[in-house]
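Look through the structure first, then read the points below.

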Amino acid sequence: MTGPIATVGNVLLGLLALAMALTVARLLRGPSLPDRIVALDLLATIGVAACGVYAAVHDQPVFLDVAIVMALITFVGTIAFARYLEESGRS
Amino acid sequence: MSLPLIPLLCAILAGLGALLIVIAGVGILRMPDLPTRMHASSKAATLGTALILLAVGIWFGEAAVLVRTLLIVLFLLVTAPVAAHMIARAGYRGGVPLAEDTALDEYRPTVTRDAAPRD
């Protein structure tokens with residue numbers, strides 16, 4: 001893919017990659033378990049946005065289905081983590 | 001000569017969305033404690049993702065794709081507050097410390113009264 005669409009798309013993907021790098025830094029640094037869960041949640045949200053941009057750049061609407069599934073599974077995972085935290089009482 | 005209005009609109013929407021997501025990334029790295037980090041990440045990232053997906057839906061110009069992206073946006077807007085609420089409550093009750101210069105904590109009395117019969 002060439003042309004202005006690809007350029008704009010690559011700039012957007014670069015910005016999303018920067019945000020992902022910052023989030024991974026927080027994920028590695030912690031310091032508490034909820035901080036890491038928040039970072040994972042944000043990482044998946046950025047992934048949904050990246051799926052959308054990728055679908056537009058490569059003209060493949062199928063990637064939007066990937067984004068739907070990613071959003072669904074992330075929500076369930078975050079809820080499960082939060083329940084686990086609350087039941088176990090640790091942080 | 002006509003301006004390419006729809007690509008321009010999509011680029012502006014998606015650019016704003018990407019900037020919001022970068023702000024969320026900076027916020028989650030730089031903020032001092034758990035609630036302020038969630039304040040940065042959940043709202044800014046949800047709005048940024050919604051803007052990007054809206055731009056993608058307009059860009060394809062098909063009703064089926066637009067409906068799909070709007071579905072994702074609706075789902076994100078419904079689930080993000082629920083997830084953020086649950087993590088914040090679990091973190092607070094689990095004893096994650098607040099920042100040094102926290103001025104007001106209105107949740108503390110509620111928690112001690114609420115948690116007393118449980119222990």
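B:Ala44 is buried, because 23 other C-beta atoms lie within 10 Å of its own. A residue counts as buried if 20 or more other C-beta atoms lie within 10 Å of its own, as exposed if 12 or fewer do, and as partly exposed in between, with C-beta atoms placed from the backbone. This is a predicted model, in which local features need pLDDT of at least 70 and side-chain atom pairs count only at pLDDT 80 or more, while totals for chains, interfaces and linings use all residues. Residues are numbered from 1 along each chain as its sequence is written, and chains are lettered from A and ligands numbered from 1 in the order in which they are written.

**Around B:Ala44**

- B:Ala44 is part of helix 2 (residues 34–60) of chain B; helices (H or I, at least four residues) and strands (E, at least two) are DSSP runs, numbered from the N terminus.
- Leaving aside neighbours within four places in sequence, B:Ala44 is in contact with B:Leu20, B:Ile23, B:Ala24 and B:Gly27; a contact means that the C-beta atoms of two residues, placed from the backbone, lie within 7 Å.
- B:Gly17 is 27 residues from B:Ala44 along the chain, and the C-alpha atoms of the two are separated by 8.8 Å.

**The two chains**

- Chain A has three helices and zero strands, in the pattern α-α-α along the sequence.
- The radius of gyration of chain A is 16 Å, well over the 12 Å that the globule rule gives for 91 residues, so chain A is more spread out than a compact globule. This radius is taken over C-alpha atoms, and the globule rule is 2.2 Å times the number of residues to the power 0.38.
- Along the principal axes, the C-alpha atoms of chain A fill a box of roughly 55 × 25 × 10 Å.
- In chain A, 40% of the 91 residues count as buried.
- Of the contacts in chain A with a separation of 6 or more, 51% are between residues 24 or more positions apart.
- Chain B has four helices and zero strands, and its elements run α-α-α-α from the N terminus on.
- In chain B, 39% of the 119 residues count as buried.
- Of the contacts in chain B between residues at least 6 apart in sequence, 61% join residues at least 24 apart.

- The 25 residues of helix 2 of chain A should span 36 Å at 1.5 Å a residue, and its end C-alpha atoms are 36 Å apart, which agrees. The expected span of a helix is 1.5 Å times one less than its number of residues.
- Helix 2 of chain A is mostly covered, with 19 of its 25 residues buried.
- Helix 3 (residues 63–88) of chain A has 26 residues and should span 38 Å; its end C-alpha atoms are 37 Å apart, which agrees.
- The buried residues of helix 3 of chain A include A:Leu64, A:Thr74 and A:Phe81.
- Helix 2 (33–57) of chain A and helix 3 (63–93) of chain B are among what covers those buried residues.

**Where the chains meet**

- In total, 40 residues of chain A are in contact with 41 residues of chain B.
- Helix 1 (4–29), helix 2 and helix 3 of chain A each give two or more residues to the side of chain A that touches chain B. The largest share of that side, 15 residues, comes from helix 2 of chain A.
- That side of chain A divides into 28 nonpolar, seven polar and five charged residues. Here Ala, Val, Leu, Ile, Met, Phe, Trp, Tyr, Cys and Pro count as nonpolar, Asp, Glu, Lys and Arg as charged, and the others, Gly among them, as polar.

**Helix packing between the chains**

- Helix 2 of chain A packs against helix 2 of chain B at an angle of about 10°, with their axes 9 Å apart. Axes are lines fitted to C-alpha atoms, for helices over the stretch in contact, and angles run from 0 to 180 degrees between N-to-C directions.
- That angle makes helix 2 of chain A roughly parallel to helix 2 of chain B. Angles under 35 degrees count as roughly parallel, over 145 as roughly antiparallel, 65 to 115 as roughly perpendicular and the rest as oblique.
- The residues of this contact divide into 16 nonpolar, six polar and two charged.
- Helix 2 of chain A and helix 3 of chain B pack at about 175°, with their axes 11 Å apart, and are therefore roughly antiparallel to each other.
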